[in-house]
Amino acid sequence: MRIRRDIAWFLVLSALFTAGLLRQFNVATLSSPLLPPAVGSLSFAILVVLGLVGWRERRLGAVGGEGIRLGSLTPLLLMLFAEKWVAHALLPPLMEGMLSGRSAAEADARLRALSGLALLVVTLALSFLSSPARASLFSWMRPSRWPRAAVGAALAFLATFALLYGLTRLLGGRVHVGLPALDSLWAWTFFGQGIRALGEEAYFRGQLLAELLRLMPRLGVRRPPARRWAAVGMTALLFGLEHASVAGGALRLAVFTVSLGLLFGLLVLVTESVPYAAGIHSLINWVLLGVVPRLLDPAGRPMPPSGTWICLILIFAFVLAFLVHGRRRAAAVS
């Protein structure tokens with residue numbers, strides 16, 4: 001079955017929007033009182049329908065005509081909704097026993113670690129829905145990229161730390177280094193945020209980005225720069241929606257997360273390395289949560305604000321990426 005491109009765009013954009021809202025408002029999803037929660041929700045019904053459509057399209061094979069095959073869209077749609085179904089229907093019962101009896105802070109740290117690991121596993125499993133996306137994801141995550149990614153992320157942090165320390169002392173400020181308490185909560189937060197960042201980068205800037213890059217020519221976006229910017233922009237908007245908040249400062253948080261999504265997507269395209277983007281993502285999480293060394297004023301307050309640290313880390317991350325990969329990759333995303 002083939003559909004018009006404008007309808008295909010509507011399906012893709014509405015699926016991205018719906019998947020983003022499901023992260024925040026999953027409790028409002030319709031469900032049946034006659035079935036277990038895992039299979040009685042509207043999310044599971046969507047998966048069943050998409051699975052049947054994909055199976056039918058696979059049996060029909062290539063069909064000539066105008067527009068785009070509906071079967072070309074089903075891998076992306078399944079990637080979006082299957083991940084949400086696993087996160088909301090399967091993981092909470094499994095994690096409930098692991099988190100019982102813990103303090104609120106430790107339970108939250110463990111929850112983020114376990115959900116990050118689950119997201120990584122689900123991403124790798126869903127990658128088999130699309131051979132091109134799987135090839136790109138595995139290439140961007142191959143083992144040879146990990147050591148360079150770790151070194152690059154460490155250099156970005158050390159450069160930021162040295163610059164801020166040096167400038168503060170040069171300007172006559174009094175500052176000392178504050179070290180985090182290396183207890184079990186620190187360990188769960190440190191490693192948990194690292195795993196969470198890796199899972200999110202593999203899903204958003206690995207699998208979804210690669211699949212959208214595959215779809216862009218079929219959707220009528222054929223010029224390589226336009227394909228890249230469209231794919232990066234769409235994943236960034238989804239990333240922002242999934243991290244949105246209805247509390248105070250919602251607009252500022254939305255701008256912050258969408259901007260981070262754009263920058264992480266560009267990092268992946270420039271370096272072709274998901275681990276490097278995950279390393280920078282982890283650094284930002286660690287700075288915000290105070291699990292890495294910080295500069296403190298005489299009163300023991302962190303300085304400068306976290307936003308300054310994040311901006312400098314991102315600047316050094318891109319400088320390192322351009323120095324290592326040269327102008328050829330930089331021009332590829334322009």
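**The whole chain.** Begin with everything shown, bearing in mind that this is a predicted model. A cartoon view presents 11 helices and 5 strands. The radius of gyration is 21 Å, close to the 20 Å that the globule rule gives for 334 residues, so the chain is as compact as a globular protein of that length. Along the principal axes, the C-alpha atoms fill a box of roughly 70 × 55 × 40 Å. If you colour by accessibility, 46% of the 334 residues count as buried, while the accessible surface of the chain comes to about 16700 Å², with 69% of that area belonging to carbon and sulfur atoms. Of the contacts between residues at least 6 apart in sequence, 77% join residues at least 24 apart.

**The largest nonpolar core.** Next select Leu73, Leu80, Leu208, Leu209 and Ile280, which touch the most other members of a core of 90 residues. Helix H3 supplies the largest share of this core, with 15 residues. Centre the view on leucine 73 and display what surrounds it: leaving aside neighbours within four places in sequence, leucine 73 is in contact with Ile3, Ala8, Leu11, Val12, Ile68 and Leu215.

**Helix H2.** Now select residues 42–60, the 19 residues of H2, which reach 27 Å from the first C-alpha to the last, close to the 27 Å expected at 1.5 Å a residue. Show the side chains of Ser43, Leu47, Leu50 and Glu57, which are buried. These residues lie on the same side of H2, because they cover an arc of only 95° around the axis. Their cover includes helix H1 (5–25), strand S2 (68–69) and helix H3 (70–99). Turn the view to the other side of H2, where Leu52, Trp55 and Arg59 are exposed. Just after the helix, glycine 61 takes a positive phi of about 75°.

**Valine 292.** Finish in the loop between helix H10 (274–289) and strand S4 (294–296), where valine 292 lies. Is valine 292 buried or exposed? Its relative accessibility is 7%, and because buried means under 20%, valine 292 counts as buried. Displaying its contacts, not counting residues up to four places away in sequence, brings up Phe157, Gly178, Pro180, Trp286 and Val287.

How values were computed
Residues numbered from 1 in each chain as written. Predicted model: local features only at pLDDT ≥ 70, side-chain atom pairs only at ≥ 80, totals over all residues. Heavy atoms only, no water. Helix = DSSP H or I, 4+ residues; strand = E, 2+ residues; numbered from the N terminus. Expected span 1.5 Å × (residues − 1). Buried < 20%, exposed > 50% of the residue type's maximum accessible area, 1.4 Å probe, protein only. Arc of directions from axis to C-beta. Contact = heavy atoms within 4.5 Å. Rg over C-alpha atoms; globule rule 2.2 N^0.38 Å. Areas by Shrake-Rupley, 256 points an atom, 1.4 Å probe, with all protein chains shown as cover. Core = buried A, V, L, I, M, F, W, Y, C linked by side-chain atoms within 4.5 Å.
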